[in-house]
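Please look over the sequence and the structure shown below. The report that follows goes through selected features one by one.

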Amino acid sequence: MSTTKKIAGAALAAALGVTTLSACGGDAKDKPAGTSDAPKSKTVTLVSHDSFNVTEAVLKEFEQQSGHSVKVLKSGDAGAALNQEILTKGSPRGDVFFGVDNTLLSRALDNGIFTPYEAKGLADVKPEYVLDKEHRVTPIDSGDICVNYDKAYFADKKIAPPQTLDDLTKPEYKNLLVVENAATSSPGLGFMLASVGKYGEEGWKDYWSKLKANGVEVVDGWEQAYNERFSGSAGGKKAKGDRPLVVSYASSPPVEVLYGEPQPAEAPTGVATGTCFRQIEFAGLLKGAKNEEGGKALVDFLISKKFQEDMPLQMFVNPVTKDAALPELFTKHGVVVEKPENVTPETIAKNREQWVKAWTALVVK
């Protein structure tokens, strides 16, 4: 699988040179005169997927206040990063793991890689995001996988863009949708789960049969779907993409505005809000962490108002705390998904492999 919901923006940010975030606090040059014998700060290591990002000044403030320098160990996509932690269970590569989402949560918990810790500030997290009552993991962000549409295409054709999953099976949208492979892509899996949430165990396969009959195109991952096949993105326009519907994220329109050259007054893409699946990302203190004190402080920091309000423009996800404000880019150009589809982590864990096999046999082969 590719990384989670914020990949859209994070991939663009990475292309612009926002890469490694490994900073050190407590250097002698930062200390007041006469404090050269102060204890040196200890390093706390955050293991994450490749899309973790934070403003340098925000991270520096945490380091100075906590006395712990932060090292970020990026480890590929969310699934690959989690696999490595399961393989090194008890002797982790770091102190905190960030990036396991609700599609993989039960796997992480069943393998016992986390030490329970009730983070300071957890009371400020919206209760619907707290999925583990034992506090082995702490919710950090949320985002919605949704179908995006090319506004110009539908305006030119004088066709209303689709808004629901049912709409996508209608004749007017034949041969317009490109999706990612559920076996190889996080958004692809999320969109498949949206159909499971909507139509249930008895109906989701029939839904995909209808999509296939209506000309759905399947590609391996988000990058190919969004930046090559989708006609509404900047990358898709350059690649002469001819699919005006794509599975992406609810945060993709603000990203198109932020990185537009020149920056448009309005997002060129829209979101079909009745097609969404909500992902929630978590962080947890790794069992066997060498710097458990620093790990706890880092988890506290990840749900602090400072980090939560920095996060949207760094990873293009939504905060989970009650008092964190969204930036204007999100409020002006983003959408609020009121009723995303959900499937419980336990149900996903029990059925994920057989669902993906059935989806592959039905849609790809």
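Predicted model: local features only at pLDDT ≥ 70, side-chain atom pairs only at ≥ 80, totals over all residues.

## Aromatic residues

Which residues form one aromatic cluster? The members are Phe 52, Phe 62, Phe 98, Phe 301 and Phe 307.

The structure holds 15 aromatic pairs. One of them is made by Tyr 153 and Phe 154, whose ring centres are 5.1 Å apart. The angle between the two ring planes is 80 degrees, so the pair counts as edge-to-face, a label given to angles over 60 degrees. Tyr 153 is partly exposed, with a relative accessibility of 23%, whereas Phe 154 is buried at 3%.

## The disulfide

How many disulfides does a search of the whole structure find? The search finds 1. The bond joins Cys 146 to Cys 276, with a distance of 2.1 Å from S to S. This pair links distant parts of the chain: Cys 146 belongs to strand β5 (residues 138–150) and Cys 276 to strand β9 (residues 269–286), 130 residues apart.

Both Cys 146 and Cys 276 are buried. The torsion about the S-S bond of Cys 146 and Cys 276 is about 115 degrees, and the disulfide is therefore right-handed.

## Salt bridges

Side chains of opposite charge can pair when their charged atoms come close. In this model the count comes to 13 salt bridges. One of them connects Asp 144 and Arg 278, at 2.8 Å from N to O. These two residues also come from distant parts of the chain, with Asp 144 in strand β5 and Arg 278 in strand β9, 134 residues apart. Asp 144 is buried, with a relative accessible area of 6%, and Arg 278 counts as buried at 16%.

Another salt bridge is formed by Lys 42 and Glu 293, whose closest N and O atoms are 3.3 Å apart. Lys 42 lies in strand β1 (residues 42–48) and Glu 293 in helix α10 (residues 292–302), and 251 residues separate them. Is Glu 293 buried or exposed? Glu 293 has a relative accessible area of 55%, which is over the 50% cut-off, so the residue counts as exposed. Lys 42, at 43%, is partly exposed.

## A further pair and a network

Glu 85 and Arg 93 also meet through their side chains in a salt bridge, with 2.8 Å from N to O. The two partners fall into separate accessibility classes: Glu 85 is buried at 1% relative accessibility, while Arg 93 is partly exposed at 28%.

Salt bridges can also be linked to one another. Glu 217, Arg 229, Asp 242 and Arg 243 are linked in a network of this kind.

## The loop between β4 and β5

Asp 132 is found in the loop between β4 (114–115) and β5. With a relative accessible area of 4%, Asp 132 is buried. What is Asp 132 in contact with, leaving aside its neighbours within four places in sequence? The contacts are Leu 109 and Val 137.

His 135 is placed in the loop between β4 and β5 too. The relative accessible area of His 135 is 19%; the cut-off for buried is under 20%, so His 135 counts as buried.

## Backbone exceptions

Most residues other than glycine have a negative phi, and most peptide bonds are trans. Some places in this model depart from that pattern. His 135, though not a glycine, has a positive phi of about 60 degrees. Phe 316 is not a glycine either, and its phi is positive at about 55 degrees. Phe 316 sits in the loop between α11 (305–315) and β10 (318–319), and at 1% relative accessibility Phe 316 is buried.

Which peptide bond is cis, with omega near -5 degrees? The bond in question runs from Glu 261 to Pro 262. Pro 262 is located in the loop between α9 (252–258) and β9.

Technical notes
Residues numbered from 1 in each chain as written. Heavy atoms only, no water. Disulfide = S-S within 2.5 Å. Helix = DSSP H or I, 4+ residues; strand = E, 2+ residues; numbered from the N terminus. Buried < 20%, exposed > 50% of the residue type's maximum accessible area, 1.4 Å probe, protein only. Salt bridge = Lys/Arg side-chain N within 4 Å of Asp/Glu carboxyl O. Contact = heavy atoms within 4.5 Å. Phe/Tyr/Trp six-rings, centres within 6.5 Å; stacked < 30°, edge-to-face > 60°.
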